[in-house]
Amino acid sequence: MNINQNYNKLEQSYLFSTIAKKVADFSAANPREKIIRMGIGDVTLPLCDAVVRAMQEAVSDMGKKESFHGYGPEQGYDFLKNAVAGYYAQRGIGLDNNEIFISDGAKSDLGNILDLFAVDNTVLIPDPVYPVYVDTNVMAGRTIVYMDANEENGFLPLPDESVRADIIYLCSPNNPTGAVYSHDALKKWVDYALGNHAILLFDAAYEAFISNSELPRSIYEIKGAEKCAIEFCSLSKTAGFTGTRCGYTIVPMTLEAGGASLNHMWLRRQTTKFNGVPYMVQRGAAAVFSKEGQMQTRAAIDYYKENARLIASAMQKMGIWYTGGENSPYIWLKCPDDMTSWEYFDYLLTEKKVVGTPGAGFGKNGEGFFRLTAFGDRENTAEAVKRLLS
Ligand code: MLT
């Protein structure tokens, strides 16, 4: 019996599990301390009314013979695909329902999409980065080439023609840095991908946090992307679905690689390995795109953005360099006093009882940086800011 030895090349545990364990240990040793969690980007506001009502109705549908639903289409119900297509249409992006695949979130799809690509492809990944891109490729045994995201390039690396890659990950607004690519910069990536027969895996999970209308929220706002890009999106951060689980992946019909349709391959993969998202969840997800749902989710996003503003203003007062927080729910800051990111993590946890995410957990360029999330509730965020300033 041979196991997949690539697992031995991974860190001992997934970044956010390591943090959760450290916090649980501290909490057990200091049961009286109130710890404020600004580590994992988990939402705190409840689902909005429109979603709750739609899900309640859907539960009731499931309890009646005439409206009961068994297995649904693996790639999602048309009522939700129509809603997603309508959302993209508002930005002038035309999608066919067959190009939209409903899933239980971006994380699963970002990992599962790798089934479509041979192991000998080279993967290009920005550093720092959401650890899932790296870990899933390490598990598969793929060669990873890193591109530096740093202060010099505003944490937005551009293509380097001397580097050859087959699969390229981009995340904008970026997790963890909060940096957002412009149209021009994304055009460079699309041109690079087209010129090198590479595929862009574009993570748009934080698109709803972009308030600057000049910035692109989908890779398909860039001409040519429909021939080289797959887009992953999620309702986790947009509509508080971290515990409800629903997202969508766009695989254009025009996207081909090695003479094959990636759309057909993904359909084949999903129909074989996935039985779809629960009907009740899809009903709730569709309500996110209703007029009422859009208004209510927008209010939640504005609430988190106000948290981001509070955190950012604390950084300014403390004279700490930071970026992000404007078009993203993350504040990316430079650890004070030349602390390493894990030193700053320990300092904040033990001295301020505030949890954040050490930048080093996102890659070598994250060393010396730290991420705070704006997804907390207002009271806790204000309390954390007070503690930071004290
Ligand atoms: C994060 O904190 O980076 C995210 O919440 C993780 C995720 O979306 O899986």
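Modeller: Y330 has a relative accessibility of 1%, so it counts as buried. Buried means under 20% relative accessible area, exposed means over 50%, and partly exposed lies in between, using a 1.4 Å probe and protein chains only. Y206 is buried too, at 4% relative accessibility.

Some ground rules. This is a predicted model, in which local features need pLDDT of at least 70 and side-chain atom pairs count only at pLDDT 80 or more, while totals for chains, interfaces and linings use all residues. Residues are numbered from 1 along each chain as its sequence is written, and side-chain values use heavy atoms, with hydrogens and water left out.

Now the rings. The whole structure holds 27 aromatic pairs. Y87 and Y88 make an edge-to-face pair, because their planes stand at 85° and their ring centres are 6.3 Å apart. The rule covers rings of Phe, Tyr and Trp (its six-membered ring): centres must lie within 6.5 Å, planes under 30 degrees apart count as stacked, over 60 as edge-to-face, and the rest as tilted. Y87 is buried at 6% relative accessibility. Y88 is buried as well, with a relative accessible area of 1%.

Back to Y206 and Y330. These two form an edge-to-face pair, with 5.2 Å from centre to centre and 65° between the planes. Y206 sits in the loop between β6 (199-203) and β7 (229-234), and Y330 sits in strand β12 (residues 330-334), so the pair ties together parts 124 residues apart in sequence. Helices (H or I, at least four residues) and strands (E, at least two) are DSSP runs, numbered from the N terminus.

Two rings carry a charge over the face. R91 places its charged end over the ring of Y88, 5.0 Å from the centre. K334 lies over the face of W321, at 5.7 Å from the ring centre. The test is NZ of Lys or CZ of Arg within 6 Å of the ring centre and within 35 degrees of the ring normal.

W321 also belongs to a cluster. One aromatic cluster takes in Y14, F16, F155, W321, W332, F362 and F369. Look at F155. Its place is the loop between β4 (143-148) and β5. F155 is not a glycine, yet its phi is positive, at about 60°. Most residues other than glycine have a negative phi, and most peptide bonds are trans. F155 is buried, at 4% relative accessibility. D338 also has a positive phi, near 55°, and is not a glycine. D338 lies in the loop between β12 and α11 (341-352). With a relative accessible area of 77%, D338 is exposed.

Leaving aside neighbours within four places in sequence, P358 is in contact with I19, S341, W342, F345, F369 and F370. Contact means heavy atoms within 4.5 Å. P358 lies in strand β14 (residues 357-358). P358 counts as buried, at 0% relative accessibility.

Next, Y181. This residue is in the loop between β5 and α6. Y181 is buried, with a relative accessible area of 3%. Not counting residues up to four places away in sequence, Y181 touches L156, P157, L158, L170, S172, L186, W189, L215 and P216. Take L158: Y181 is 23 residues from it in sequence and 9.6 Å from it in space, C-alpha to C-alpha. P173 is found in the loop between β5 (167-171) and α6 (183-196). D127 and P128 are also joined by a cis peptide bond, with omega about 10°. P128 is in the loop between β3 (122-127) and α5 (131-140).
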